[in-house]
Amino acid sequence: MIDDLQLLDGFRLPALGFGLYKVPLEQTEEVVVAGVAAGYRLVDGAEFYANESQVGRALHRIDIDRSLLTITSKFWGEESQDRDAVLASFDATEKALGTAVDIYMIHWPRPNRNQYVDVWRTLIELRDAGRVRSIGVSNFTKEHVGRLIDETGEAPVLNQVELHPYLQQRELREFHAQHGIITQAWSPLGRGNVLEDPLVQEIAAAHDVTPAQAIIRWHLQLGNSVIPKSVNPERLASNRDVFGFELTDEDMARFEALEQGKHYGTTPDERQ
(Lines give C-alpha, C1' and ligand atoms only; values in the text may rest on other atoms or scores of the structure.)
Protein backbone atom coordinates (compact mmCIF):
# COMPACT_ATOMS: atom_id res chain seq x y z
CA MET A 1 0.00 0.00 0.00
CA ILE A 2 1.23 3.50 -0.84
CA ASP A 3 0.01 6.86 0.40
CA ASP A 4 -0.66 8.34 -3.01
CA LEU A 5 -2.10 6.98 -6.24
CA GLN A 6 -1.23 7.51 -9.90
CA LEU A 7 -3.96 9.14 -11.98
CA LEU A 8 -4.57 8.53 -15.68
CA ASP A 9 -3.51 12.07 -16.53
CA GLY A 10 -0.08 11.70 -14.93
CA PHE A 11 -0.85 13.52 -11.69
CA ARG A 12 -1.00 11.85 -8.31
CA LEU A 13 -3.79 11.73 -5.73
CA PRO A 14 -3.39 11.36 -1.96
CA ALA A 15 -4.95 8.01 -1.16
CA LEU A 16 -6.39 9.29 2.11
CA GLY A 17 -8.26 12.56 2.45
CA PHE A 18 -11.23 13.92 4.34
CA GLY A 19 -14.71 14.92 3.19
CA LEU A 20 -16.87 17.90 4.02
CA TYR A 21 -20.38 16.60 3.34
CA LYS A 22 -22.76 17.82 6.07
CA VAL A 23 -19.98 19.62 7.93
CA PRO A 24 -21.80 22.65 9.41
CA LEU A 25 -20.84 26.06 8.07
CA GLU A 26 -19.71 27.26 11.47
CA GLN A 27 -17.32 24.30 11.80
CA THR A 28 -16.00 23.95 8.26
CA GLU A 29 -13.13 26.40 8.51
CA GLU A 30 -11.71 24.85 11.66
CA VAL A 31 -12.21 21.31 10.35
CA VAL A 32 -10.16 22.09 7.24
CA VAL A 33 -7.40 23.72 9.30
CA ALA A 34 -7.35 20.76 11.70
CA GLY A 35 -7.36 18.24 8.87
CA VAL A 36 -4.38 19.75 7.11
CA ALA A 37 -2.58 20.08 10.46
CA ALA A 38 -3.21 16.36 11.02
CA GLY A 39 -1.41 15.58 7.76
CA TYR A 40 -4.18 15.26 5.21
CA ARG A 41 -3.38 16.65 1.78
CA LEU A 42 -6.71 15.89 0.07
CA VAL A 43 -9.76 18.04 0.89
CA ASP A 44 -12.97 16.82 -0.73
CA GLY A 45 -15.66 19.43 -1.29
CA ALA A 46 -18.61 20.15 -3.53
CA GLU A 47 -20.93 22.93 -4.63
CA PHE A 48 -23.82 21.08 -2.94
CA TYR A 49 -22.11 21.15 0.46
CA ALA A 50 -22.55 24.95 0.48
CA ASN A 51 -19.42 25.49 2.57
CA GLU A 52 -16.82 26.34 -0.09
CA SER A 53 -16.34 29.91 1.12
CA GLN A 54 -15.43 28.53 4.53
CA VAL A 55 -12.99 26.13 2.89
CA GLY A 56 -11.44 29.08 1.08
CA ARG A 57 -10.99 31.01 4.30
CA ALA A 58 -9.32 28.00 5.89
CA LEU A 59 -6.94 27.55 2.97
CA HIS A 60 -5.81 31.15 3.31
CA ARG A 61 -4.97 30.50 6.97
CA ILE A 62 -2.90 27.39 6.33
CA ASP A 63 0.85 27.87 6.09
CA ILE A 64 1.66 25.14 3.59
CA ASP A 65 2.82 25.05 0.00
CA ARG A 66 -0.42 25.05 -2.00
CA SER A 67 1.05 22.61 -4.52
CA LEU A 68 1.06 19.95 -1.79
CA LEU A 69 -2.73 20.10 -1.43
CA THR A 70 -5.41 18.56 -3.64
CA ILE A 71 -8.70 20.46 -3.48
CA THR A 72 -11.74 18.95 -5.15
CA SER A 73 -15.24 20.12 -5.99
CA LYS A 74 -18.27 18.79 -7.86
CA PHE A 75 -20.86 20.19 -10.26
CA TRP A 76 -24.34 19.73 -8.79
CA GLY A 77 -26.55 20.43 -11.81
CA GLU A 78 -29.97 20.06 -10.27
CA GLU A 79 -31.52 23.04 -12.05
CA SER A 80 -29.63 22.90 -15.33
CA GLN A 81 -26.91 20.79 -16.90
CA ASP A 82 -26.16 22.82 -20.00
CA ARG A 83 -22.70 24.18 -20.78
CA ASP A 84 -23.40 27.64 -19.39
CA ALA A 85 -24.62 26.16 -16.11
CA VAL A 86 -21.48 24.05 -15.74
CA LEU A 87 -19.21 27.00 -16.45
CA ALA A 88 -21.15 29.26 -14.06
CA SER A 89 -20.97 26.68 -11.29
CA PHE A 90 -17.25 26.22 -11.81
CA ASP A 91 -16.72 30.00 -11.74
CA ALA A 92 -18.68 30.24 -8.48
CA THR A 93 -16.69 27.44 -6.88
CA GLU A 94 -13.37 28.94 -7.94
CA LYS A 95 -14.41 32.32 -6.56
CA ALA A 96 -15.64 30.84 -3.26
CA LEU A 97 -12.45 28.84 -2.74
CA GLY A 98 -10.19 31.69 -3.78
CA THR A 99 -7.81 29.16 -5.28
CA ALA A 100 -7.56 26.74 -8.18
CA VAL A 101 -9.69 23.60 -8.22
CA ASP A 102 -7.41 20.59 -8.60
CA ILE A 103 -10.06 17.97 -9.38
CA TYR A 104 -13.56 18.80 -10.63
CA MET A 105 -16.23 16.12 -10.83
CA ILE A 106 -19.78 15.57 -12.00
CA HIS A 107 -21.58 14.96 -8.71
CA TRP A 108 -24.37 12.75 -10.12
CA PRO A 109 -25.07 11.37 -13.60
CA ARG A 110 -28.84 12.08 -13.34
CA PRO A 111 -29.38 9.46 -16.05
CA ASN A 112 -33.03 10.25 -16.83
CA ARG A 113 -31.93 13.67 -18.11
CA ASN A 114 -29.46 12.05 -20.51
CA GLN A 115 -27.08 15.02 -20.33
CA TYR A 116 -24.08 13.73 -18.41
CA VAL A 117 -22.01 13.11 -21.55
CA ASP A 118 -22.44 16.76 -22.54
CA VAL A 119 -21.54 17.84 -19.00
CA TRP A 120 -18.44 15.67 -19.28
CA ARG A 121 -17.48 17.41 -22.52
CA THR A 122 -17.64 20.74 -20.69
CA LEU A 123 -15.34 19.40 -17.96
CA ILE A 124 -12.92 18.30 -20.67
CA GLU A 125 -13.10 21.84 -22.04
CA LEU A 126 -12.27 23.29 -18.62
CA ARG A 127 -9.32 20.94 -18.25
CA ASP A 128 -8.00 21.62 -21.75
CA ALA A 129 -8.22 25.37 -21.06
CA GLY A 130 -5.99 24.87 -18.02
CA ARG A 131 -8.66 25.93 -15.56
CA VAL A 132 -8.68 22.62 -13.68
CA ARG A 133 -5.94 20.04 -13.37
CA SER A 134 -7.93 16.78 -13.41
CA ILE A 135 -11.54 15.75 -14.00
CA GLY A 136 -13.60 12.91 -12.61
CA VAL A 137 -17.08 11.76 -11.69
CA SER A 138 -19.04 10.79 -8.62
CA ASN A 139 -21.81 8.21 -8.21
CA PHE A 140 -21.47 6.86 -11.75
CA THR A 141 -22.18 3.23 -12.53
CA LYS A 142 -20.06 1.09 -14.83
CA GLU A 143 -22.53 1.78 -17.64
CA HIS A 144 -22.35 5.55 -17.11
CA VAL A 145 -18.55 5.58 -17.11
CA GLY A 146 -18.43 3.28 -20.12
CA ARG A 147 -20.62 5.66 -22.08
CA LEU A 148 -18.30 8.60 -21.28
CA ILE A 149 -15.36 6.62 -22.60
CA ASP A 150 -17.21 5.38 -25.69
CA GLU A 151 -18.60 8.79 -26.70
CA THR A 152 -15.69 11.09 -25.81
CA GLY A 153 -12.62 8.85 -25.68
CA GLU A 154 -11.87 10.29 -22.24
CA ALA A 155 -12.06 8.33 -18.99
CA PRO A 156 -12.47 10.08 -15.64
CA VAL A 157 -9.40 9.95 -13.42
CA LEU A 158 -11.60 8.78 -10.54
CA ASN A 159 -15.14 7.79 -9.67
CA GLN A 160 -16.24 8.64 -6.13
CA VAL A 161 -18.92 6.21 -4.94
CA GLU A 162 -20.50 4.90 -1.76
CA LEU A 163 -18.21 2.07 -0.69
CA HIS A 164 -17.74 0.33 2.65
CA PRO A 165 -17.50 -3.25 3.91
CA TYR A 166 -21.27 -3.73 3.52
CA LEU A 167 -21.18 -2.33 -0.05
CA GLN A 168 -17.88 -3.29 -1.66
CA GLN A 169 -18.62 -2.44 -5.31
CA ARG A 170 -16.42 -5.30 -6.57
CA GLU A 171 -17.63 -5.29 -10.18
CA LEU A 172 -17.26 -1.52 -10.44
CA ARG A 173 -13.77 -1.63 -8.88
CA GLU A 174 -12.71 -4.28 -11.39
CA PHE A 175 -14.02 -2.12 -14.25
CA HIS A 176 -12.14 0.88 -12.90
CA ALA A 177 -8.94 -1.14 -12.62
CA GLN A 178 -9.26 -2.22 -16.26
CA HIS A 179 -9.43 1.43 -17.34
CA GLY A 180 -6.93 2.93 -14.91
CA ILE A 181 -9.64 4.78 -12.97
CA ILE A 182 -9.21 5.33 -9.23
CA THR A 183 -12.07 4.16 -7.02
CA GLN A 184 -12.70 6.71 -4.28
CA ALA A 185 -14.92 5.77 -1.35
CA TRP A 186 -17.41 8.13 0.19
CA SER A 187 -19.23 7.00 3.34
CA PRO A 188 -16.28 4.63 3.86
CA LEU A 189 -17.51 3.66 7.34
CA GLY A 190 -21.09 3.05 6.18
CA ARG A 191 -22.19 6.22 8.00
CA GLY A 192 -20.86 4.68 11.17
CA ASN A 193 -22.96 1.54 10.94
CA VAL A 194 -20.04 -0.77 10.13
CA LEU A 195 -18.13 0.36 13.23
CA GLU A 196 -20.39 -1.79 15.40
CA ASP A 197 -19.87 -4.97 13.41
CA PRO A 198 -18.43 -7.66 15.74
CA LEU A 199 -16.02 -8.94 13.11
CA VAL A 200 -14.67 -5.45 12.43
CA GLN A 201 -14.26 -4.89 16.16
CA GLU A 202 -12.45 -8.20 16.49
CA ILE A 203 -10.02 -7.38 13.66
CA ALA A 204 -9.42 -3.92 15.12
CA ALA A 205 -8.72 -5.33 18.59
CA ALA A 206 -6.20 -7.81 17.15
CA HIS A 207 -4.19 -4.86 15.77
CA ASP A 208 -4.82 -2.60 18.77
CA VAL A 209 -6.53 0.00 16.59
CA THR A 210 -10.04 1.47 16.40
CA PRO A 211 -12.72 -0.05 14.15
CA ALA A 212 -12.54 3.09 11.99
CA GLN A 213 -8.79 2.68 11.56
CA ALA A 214 -9.22 -0.97 10.60
CA ILE A 215 -11.86 -0.10 7.97
CA ILE A 216 -9.83 2.77 6.51
CA ARG A 217 -6.79 0.50 6.31
CA TRP A 218 -8.94 -2.09 4.50
CA HIS A 219 -9.87 0.53 1.89
CA LEU A 220 -6.26 1.53 1.36
CA GLN A 221 -5.06 -2.05 1.02
CA LEU A 222 -7.72 -2.60 -1.64
CA GLY A 223 -6.13 0.27 -3.56
CA ASN A 224 -9.00 2.68 -3.00
CA SER A 225 -8.78 6.35 -2.26
CA VAL A 226 -10.86 7.07 0.84
CA ILE A 227 -12.33 10.26 2.32
CA PRO A 228 -13.73 9.73 5.83
CA LYS A 229 -15.44 12.68 7.50
CA SER A 230 -15.24 13.98 11.05
CA VAL A 231 -15.71 17.35 12.72
CA ASN A 232 -13.65 16.20 15.70
CA PRO A 233 -9.92 17.10 15.42
CA GLU A 234 -8.85 14.08 17.50
CA ARG A 235 -10.88 11.72 15.35
CA LEU A 236 -9.56 13.33 12.18
CA ALA A 237 -6.04 12.62 13.39
CA SER A 238 -6.95 9.08 14.47
CA ASN A 239 -8.53 8.30 11.10
CA ARG A 240 -5.26 9.21 9.41
CA ASP A 241 -3.11 7.13 11.77
CA VAL A 242 -3.38 3.96 9.67
CA PHE A 243 0.11 3.53 8.24
CA GLY A 244 1.66 1.79 11.23
CA PHE A 245 -0.08 -1.56 10.87
CA GLU A 246 -1.12 -3.94 8.09
CA LEU A 247 -4.14 -6.19 7.76
CA THR A 248 -3.35 -9.82 7.03
CA ASP A 249 -4.67 -11.79 4.08
CA GLU A 250 -7.04 -13.47 6.53
CA ASP A 251 -8.25 -10.09 7.75
CA MET A 252 -8.91 -8.98 4.18
CA ALA A 253 -10.84 -12.18 3.45
CA ARG A 254 -12.95 -11.68 6.55
CA PHE A 255 -13.74 -8.14 5.46
CA GLU A 256 -14.72 -9.46 2.02
CA ALA A 257 -17.27 -11.76 3.67
CA LEU A 258 -19.12 -8.74 5.11
CA GLU A 259 -20.64 -7.77 1.74
CA GLN A 260 -24.39 -7.14 2.00
CA GLY A 261 -25.10 -4.86 -0.97
CA LYS A 262 -26.29 -2.34 1.61
CA HIS A 263 -26.65 1.32 0.62
CA TYR A 264 -26.90 3.98 3.31
CA GLY A 265 -26.91 6.87 0.85
CA THR A 266 -28.72 7.79 -2.36
CA THR A 267 -28.13 5.50 -5.33
CA PRO A 268 -27.31 6.80 -8.84
CA ASP A 269 -30.76 6.01 -10.22
CA GLU A 270 -32.51 7.76 -7.33
CA ARG A 271 -30.86 11.14 -7.99
CA GLN A 272 -32.34 12.78 -11.08
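Guide: Contact here means heavy atoms within 4.5 Å. The model is predicted.

Visitor: Which residues is Glu29 in contact with, leaving aside its neighbours within four places in sequence?

Guide: Gln54, Arg57, Ala58 and Arg61. Glu29 itself sits in helix H1, residues 25-37.

Visitor: What makes the pairing of the Glu29 and Arg61 side chains a polar contact?

Guide: The distance is 3.0 Å. The cut-off is a pair of N or O atoms within 3.5 Å. The pair therefore qualifies as a polar contact.

Visitor: Why is Gln213 called buried?

Guide: Its relative accessible area is 7%. Buried means under 20%, so Gln213 qualifies. Gln213 belongs to helix H8, residues 211-222.

Visitor: What lies 3.0 Å from a polar atom of the Gln213 side chain?

Guide: The backbone oxygen of Ser238. Ser238 is also one of the residues in contact with Gln213, along with Asp241, Val242 and Phe245, once neighbours within four places in sequence are left aside.

Visitor: Why is H8 described as largely enclosed by the rest of the structure?

Guide: Because 9 of its 12 residues are buried. Among them are Ile215, Trp218 and Leu220. The buried residues of H8 pack against strands S9 and S10 and helices H7, H9 and H10.

Visitor: How do you know that the reach of H8 is close to the expected one?

Guide: H8 has 12 residues and reaches 17 Å from its first C-alpha to its last. At 1.5 Å a residue, 16 Å is expected. The two values are close.

Visitor: What comes just after H8?

Guide: Gly223, with a positive phi of about 100°.

Note on methods: Residues numbered from 1 in each chain as written. Predicted model: local features only at pLDDT ≥ 70, side-chain atom pairs only at ≥ 80, totals over all residues. Heavy atoms only, no water. Helix = DSSP H or I, 4+ residues; strand = E, 2+ residues; numbered from the N terminus. Buried < 20%, exposed > 50% of the residue type's maximum accessible area, 1.4 Å probe, protein only. Polar contact = N/O pair within 3.5 Å; in protein donor to acceptor, adjacent residues only side chain to side chain. Expected span 1.5 Å × (residues − 1).
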